[in-house]
Amino acid sequence: LRSRKSGGVFAGGVADAQRVPDIMDGDLAGWTRALATLNELRASVVVPGHGAPGAPADVIGPMADYLHQLEARARALVDAGTSLINVVAAGQLPAFKAWDQYQIVHSRNVSTAFLRFERESLFEPKGR
């Protein structure tokens with residue numbers, strides 16, 4: 001939702017500020033596209049679902065970066081043949097360690113992403 005008067009955008013659950021998002025029911029590719037679309041609005045300020053409002057580069061950018069790094073790390077773990085039992089320890093993203101919910105939600109996110117990409121590598125045609 002964009003305010004014509006202020007130029008601000010209410011991101012709702014699409015973007016949080018300094019908080020790890022829960023990807024359990026999300027589609028990473030769709031989420032990334034939604035963030036790109038939100039960024040294209042060139043808002044003066046973004047009001048996230050959680051956290052303080054800020055410039056798009058301070059809200060949308062870090063959220064997109066987290067999702068990108070999560071996907072890259074989970075795919076690398078699948079490609080390396082990592083066992084699910086080691087995924088949480090091997091899937092840490094230190095750049096986001098200070099974010100709210102990191103210990104709990106990130107651990108679940110990396111496991112969820114790993115299982116999705118592992119299933120993709122086993123049952124879907126090659127050529128991601």
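The model is a predicted one, so to speak of local features a pLDDT of at least 70 is needed, side-chain atom pairs count only at pLDDT 80 or more, and totals for chains, interfaces and linings use all residues. Residues are numbered from 1 along each chain as its sequence is written, and side-chain values use heavy atoms, with hydrogens and water left out.

Start with the helix pair. The crossing is left-handed, that is, the near helix is turned anticlockwise from the far one by less than a right angle.

As for who touches whom (contact being heavy atoms within 4.5 Å), helix 1 brings Leu-28, Trp-31, Thr-32, Leu-35, Leu-38 and Asn-39, and helix 2 brings Pro-56, Ile-60, Met-63, Ala-64, Leu-67 and Glu-71. Sorted by type, these residues come out as nine nonpolar, two polar and one charged. Nonpolar covers Ala, Val, Leu, Ile, Met, Phe, Trp, Tyr, Cys and Pro; charged covers Asp, Glu, Lys and Arg; the others, Gly among them, are polar.

Now for the charges. A search of the whole structure turns up four salt bridges, each a side-chain nitrogen of Lys or Arg within 4 Å of a carboxyl oxygen of Asp or Glu. One of them pairs Asp-22 with Arg-108 at 2.8 Å, N to O. Asp-22 sits in the loop between strand 1 (8-12) and helix 1, and Arg-108 in helix 4 (residues 102-123), so this pair ties together parts 86 residues apart in sequence.

Glu-71, already met in the helix contact, forms a salt bridge with Arg-75 at 2.9 Å, N to O. Both lie in helix 2, four residues apart, about one turn of the helix. Arg-75 is buried (under 20%), with a relative accessible area of 14%. Arg-75 also bridges to Glu-120, with the closest N and O atoms 2.6 Å apart. Glu-120 is in helix 4, so the pair with Arg-75 of helix 2 links parts 45 residues apart in sequence. Through shared partners, Glu-71, Arg-75 and Glu-120 join into one network.

Technical notes. Helix = DSSP H or I, 4+ residues; strand = E, 2+ residues; numbered from the N terminus. Buried < 20%, exposed > 50% of the residue type's maximum accessible area, 1.4 Å probe, protein only.
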